[in-house]
Amino acid sequence: MASSVEIDPLEARRERVFGPRTEEHRRFAEDRGIVAFGETWWRDHHDTLFKLGYALRSRYHPNWTPPWRGTGRSYKGYEEGQSAHRTIVMDAIRRSDGSFVTLKRMNIAHGKSDIEEIEINKYLSSTALAADPRNHTAQAIETFQLPDEQDVYILVMPSLRPLDDPLFTTFGEAVAFFTQLFEGLQFMHEHRIAHRDCCHDNVMMDATPMYPEPWHPIKLDMRRDWKGKARHYTRTERPVKYYYIDFGLAQHYKPEHIQPWPPFTLPVHGGDKTAPENQEDKYDKPCNPFATDIYYLGNLIRESFMQVCFPSLALNVHNQIRSQKYYGFGFMRKLVADMVQDEPSKRPEITEIVTRFAKIRESLHTWKLRSRTIPRKEWKIDTLWRYPLHIARTVRFVVTRKPVIPDP
């Protein structure tokens with residue numbers, strides 16, 4: 001009785017702040033493995049998407065029943081218990097050829113950003129642009145309108161993985177990534193497209209060559225068929241391509257509409273909140289979005305390869321406590337420092353960056369490129385244990401003539 005008296009006021013307070021619990025909230029509280037909230041849209045459109053040629057996982061079948069019920073086991077141990085992290089996108093299989101794809105739901109009634117994203121994807125996926133080897137944008141395989149919802153479109157995109165999962169094993173692999181990262185942004189900027197959100201989460205890789213068995217779209221370290229861990233090769237053994245995704249904030253500046261060049265527009269706030277021109281005191285000051293792209297790329301390299309950020313309560317988001325993330329990336333320090341300068345006009349343009357990086361790449365010795373990337377937080381005993389394994393693998397790569405920089 002005492003516990004009920006103690007819980008009721010908390011529940012009443014929660015309801016005053018967030019509103020009363022719905023039946024869906026109650027069912028989800030009882031079993032967090034069920035299809036709920038944003039996932040229900042995909043369940044409700046399962047049959048429609050199937051007729052249009054795309055099969056969702058069995059979890060989203062209208063008649064699906066959780067297989068763990070009555071077993072006393074957790075939903076986490078079941079493939080069908082793996083829920084989508086972002087319900088605006090969903091994994092699927094294209095029925096015509098069995099390929100794995102990602103479906104992205106777009107609603108043009110929500111604003112012009114979805115319309116522009118569709119148009120930019122169509123433009124970048126056009127035959128002429130798709131043929132350019134520098135085009136590192138994830139190209140739409142297909143775009144279609146739902147027959148029962150005239151405002152809803154589905155972008156069919158390739159199935160990709162986070163850029164650093166699995167981790168880079170050599171400096172040569174990281175250099176191959178930097179090369180594609182820079183030439184991809186150069187390609188976009190040459191076509192007057194500012195991404196405006198090219199942060200870590202919006203650069204991904206097609207890791208298909210690395211994996212002999214498909215990986216699970218939610219539990220990335222598992223096989224898609226849930227029959228064990230997903231084994232993989234290194235990037236040196238099986239080179240991969242990297243792609244920019246998510247053009248929801250991107251802007252295509254047509255030459256006839258923008259004079260003079262470059263354009264100045266109000267800042268937008270994407271995944272990286274640290275750009276100086278995006279801070280609260282400058283929210284109403286137009287800035288060059290192409291220069292902001294340069295900052296985002298520099299910061300991506302700085303935070304993913306060179307430094308780890310530790311926000312401090314005494315400091316604002318732009319001034320953070322940082323420590324080294326990996327040993328050995330000092331060769332990128334000067335270029336990155338120029339890319340993340342506080343004053344946007346002082347940052348180099350992407351053409352200069354590509355030229356400077358080409359010289360850096362050329363200057364790196366073969367053994368530097370073959371060397372293992374060592375995380376700063378790695379235990380010394382782990383480093384010593386991994387060292388002979390890395391040497392043996394390196395000898396094998398030398399004998400089999402694997403390139404030190406695994407360009408695809």
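Me: What makes 35–159 and 160–400 count as domain 1 and domain 2 in this chain?
Reply: The bounds come from an automatic or database domain assignment. For this predicted model, that assignment gives 35–159 as domain 1 and 160–400 as domain 2. The C-alpha centres of the two domains lie 26 Å apart.

Me: How do you know which residues of domain 1 and domain 2 belong to the contact?
Reply: Contact requires heavy atoms within 4.5 Å. Domain 1 supplies 31 residues to the contact, and domain 2 supplies 29.

Me: Why is the pair Lys104 and Asp246 called a salt bridge?
Reply: The rule asks for a side-chain nitrogen of Lys or Arg within 4 Å of a carboxyl oxygen of Asp or Glu. The N to O distance for Lys104 and Asp246 is 3.3 Å, which is within the 4 Å limit, so the pair qualifies. Across the interface of domain 1 and domain 2, the rule finds 3 salt bridges.

Me: Which element gives the most to the side of domain 1 that touches domain 2?
Reply: Helix 5 does, with 7 residues. The elements that give two or more residues to this side are strand 2 (89–94), strand 3 (100–107) and helix 5 (112–124). By class, the side has 12 nonpolar, 10 polar and 9 charged residues.

Me: How much area do domain 1 and domain 2 bury between them?
Reply: They bury about 2,600 Å², with 61% of it on carbon and sulfur atoms. That value is summed over both parts.

Conventions:
Residues numbered from 1 in each chain as written. Predicted model: local features only at pLDDT ≥ 70, side-chain atom pairs only at ≥ 80, totals over all residues. Heavy atoms only, no water. Buried area = accessible area lost by both parts, 1.4 Å probe. Helix = DSSP H or I, 4+ residues; strand = E, 2+ residues; numbered from the N terminus. Nonpolar A, V, L, I, M, F, W, Y, C, P; charged D, E, K, R; others polar.
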